[in-house]
Structures are given as structure tokens and as C-alpha cells.
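Hello,

I am handing over the structure below, with notes on what turned up in it. Please read them with the model open.

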Amino acid sequence: MADKVLIYSRFPKTMMARFAERFELLDTGGKPARDAFPAEELGGIRALLTAGGSPLGPEAMDLFPKLGAIVCYGTGYDGVDLKAAAARNIAVGHSPGANAASVADIAMTLMLATTRRILVADQYVRSGDWAASKQSPMMRPQAGMPGRRIGVYGMGEIGRKIAARCAAFESEVGYFSRTQYDLPYQYFPSLEALAEWCSVLMIAVRAGADTQHAVNADILGRLGADGYVVNISRGSVIDEKALVAALTDKTIAGAGLDVFETEPHAPDALTALPNVVFAPHIGGHTLESHVAMQTCVLANLTAFFAGKQLPYAVKSA
């Protein structure tokens, strides 16, 4: 009999196909587990698969008295209460670095689309204004990448790939992270200092209580009127109200956002602004990334059911 795995979050069935070949999947379809399956069936669940950002606290864990493993699809695990899991001897796994290249690519895409005003340029062509030789102040020359100061907030796998891509564009790269690394980039002792220095702030830090609204009105003010912010981390890292205000009153020049505080709902106050480029949290959404993430999930689940430690365990759990 195949080992049972509860699919706690909502996932497309195509993304679960590889797991179904090895395990018996109990798919909640994104519904609360207690609404999807009877209590006696939940009581026998030993492992579940979740999206890292889905809230999974002690009350939810207690629905599964035999739960021994929480495996996150992707690198993030901010929705999982790690202390509650540790108190219940539940191992937590994820897919570290599996989607780093894809997320870094989206970060660069958003930065270029924002700083070079690609959406505005696209509309300029589509509307016929270019063919009609109509002048537009939005089409005035913008600063290019050579010599531009790019600040990377968070120097994990994704942050390093962003930094390397920016360096290849002949930009200056600086970073702030909890740890200073032996890297060919300038290290800043605080986020404030990094924001003062850079013209584009790339947010690649892991979400958590210590980074909640870390990019606030003060940080945005330090970026300045020619500054941009790009977020491919989690929406919680930016104070969205402060961001709306900064974009509206031109405290900063623009923003590129792949994540939001309450997904999938981007605030109307943000979507109404012309100086923002959006993506629907697709940073890690490439074929290669999904294969890599699924491989990590399979490795974690296989090890767990074999009585072994998770090869891709969350270190801070």
C-alpha cells in the first residue's frame, strides 16, 4: 500500500503528477482539511505537502496527531510555525535553491521593465503615438544599467544570482544581509545604509517576523526620487501603504512587484499606478524550477517514509 500524503494547499494537478506515481495523495483542493476529509482519515496522516506561504500553525497541526513531516513545495516556509512543528517533533522540509535562477531572472525582468518603462513604451507603439510622432514626457531617456547602483537585500541563493546578473550588466552591486560573505560586492551594515547608497533596491530576503515591513517609509525615502524597488521575496517585507504613498507622491520613481501582502489580491491603489510593473508571483514558475522543486519534495517524502532524516530540511526548524 502506498504511503499517504495530504495535499494541504491548492496546487494544479499537473504539478502533483510525479508525486501521485509514488504516493497516495489526499488532495484538499485548497479547502480546510477538516472540510475535505473526515477526522479519522486525517488522524492517520503522517506527511503533508504545502505551499510555503500557506498559514500552518499549531491548531492546524493538531488535526494530524500522527504528523511527522511538513514538506514545502518551493524554497519558502514562512507560513509554517517552526516552533510549533519542533514542539511536536514534526520535521519541516523545503526545496532550497531549486527555483533560484528563475526567480533571479524575474527580478531582472521587473527591474529592466520598470527602469526602462517598457510598459509605457509598449503602449506608445500600440496607441499609434510613435507613428504619429506625438511627444511623450514618459519617453524621455532613462538611466541605463552600466554604473547603476543595485542594492540586494538578502544574499541567499536568489540574492547571489541576482547580484551576478546585475554585475554582468556592468552595474555596481552592494548588499545587506544578516551575514557578511566573502563576495566581490560591497557590504553594508544596515538596510538603511544600503538604501541610501543604491538606486534600485532588490528584495531577496527570506520572509519572517524580523523582516515584516522592513522596507518602510523611511527606507523608501532613502532610495530617493530616482530610486526603484523590486520585490521577488514576499509581500510582507514591504509596507504596502507606505509603498503606495511613495509611488503616488514620487518619493521613489517606480516599483516592480511579483509578490503582494495578500495574494492574489493586489491593492487597487497599487494597480492604478502607471509607474509599477506587476507579475502574479511567477518568479519560480518555469519548467526547470518545477522539476527541481518536485525532485526535492520527492527526496524529502521518500526519506521520511523510510525513517531517515529529510535531505532538504529547514535548518532553523
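Strand β6 (residues 149-153) is paired with strand β7 (residues 172-176) in the parallel sense, over 5 bridges. Within this pair, arginine 149 has glutamate 172 of β7 as its bridge partner. Please keep in mind that this is a predicted model.

Both strands belong to an open sheet of 7 strands, ordered β8-β7-β6-β9-β10-β11-β12 and paired in parallel. Its edges are β8 (186-187) and β12 (276-278), each of which pairs on one side only.

Two helices on this sheet are worth noting. Helix α8 lies across β6, β7 and β9 (200-203) and runs at about 175° to β6. Helix α11 (residues 240-248) lies across β10 (228-231), β11 (254-257) and β12, at about 140° to β11.

**The other sheet**

A further open sheet is made of 5 strands in the order β2-β1-β3-β4-β5, again with parallel pairing. β2 (24-27) and β5 (91-93) are the edge strands, pairing on one side only. On average, neighbouring strands here are turned by 25° against each other, direction ignored.

Strand β1 (residues 4-7) pairs with β2 in the parallel sense over 4 bridges. Isoleucine 7 stands opposite aspartate 27 in β2. Helix α13 (residues 287-305) packs on the sheet and touches β1, β3, β4 and β5, its direction making about 175° with that of β4. Helix α1 (residues 13-20) lies across β1, β2, β3 (47-51) and β4 (69-73), and runs at about 150° to β2.

**A helix pair**

How do α6 and α8 pack? Helix α6 (residues 100-115) and helix α8 (residues 157-168) meet at an angle of about 50°, and their axes are 8 Å apart. The two helices are therefore oblique to each other. Their crossing is right-handed.

On the α6 side the contact is made by Ala100, Ala101, Val103, Ala104, Asp105, Ala107, Met108 and Met111. The α8 side contributes Glu157, Ile158, Lys161, Ile162, Arg165 and Cys166. By type, the residues of this contact divide into 10 nonpolar, 4 charged and no polar.

**The chain as a whole**

The protein chain has 13 helices and 12 strands. Its radius of gyration is 22 Å, close to the 20 Å that the globule rule gives for 317 residues, so the chain is as compact as a globular protein of that length. Along the principal axes, the C-alpha atoms fill a box of roughly 70 × 45 × 30 Å.

Regards

How values were computed
Residues numbered from 1 in each chain as written. Predicted model: local features only at pLDDT ≥ 70, side-chain atom pairs only at ≥ 80, totals over all residues. Heavy atoms only, no water. Axes fitted to C-alpha atoms, helices over the stretch in contact; angles between N-to-C directions. Parallel < 35°, antiparallel > 145°, perpendicular 65-115°, else oblique. Left-handed = near helix turned anticlockwise from the far one by under 90°. Contact = heavy atoms within 4.5 Å. Nonpolar A, V, L, I, M, F, W, Y, C, P; charged D, E, K, R; others polar. Pairing = 2+ DSSP bridges. Rg over C-alpha atoms; globule rule 2.2 N^0.38 Å.
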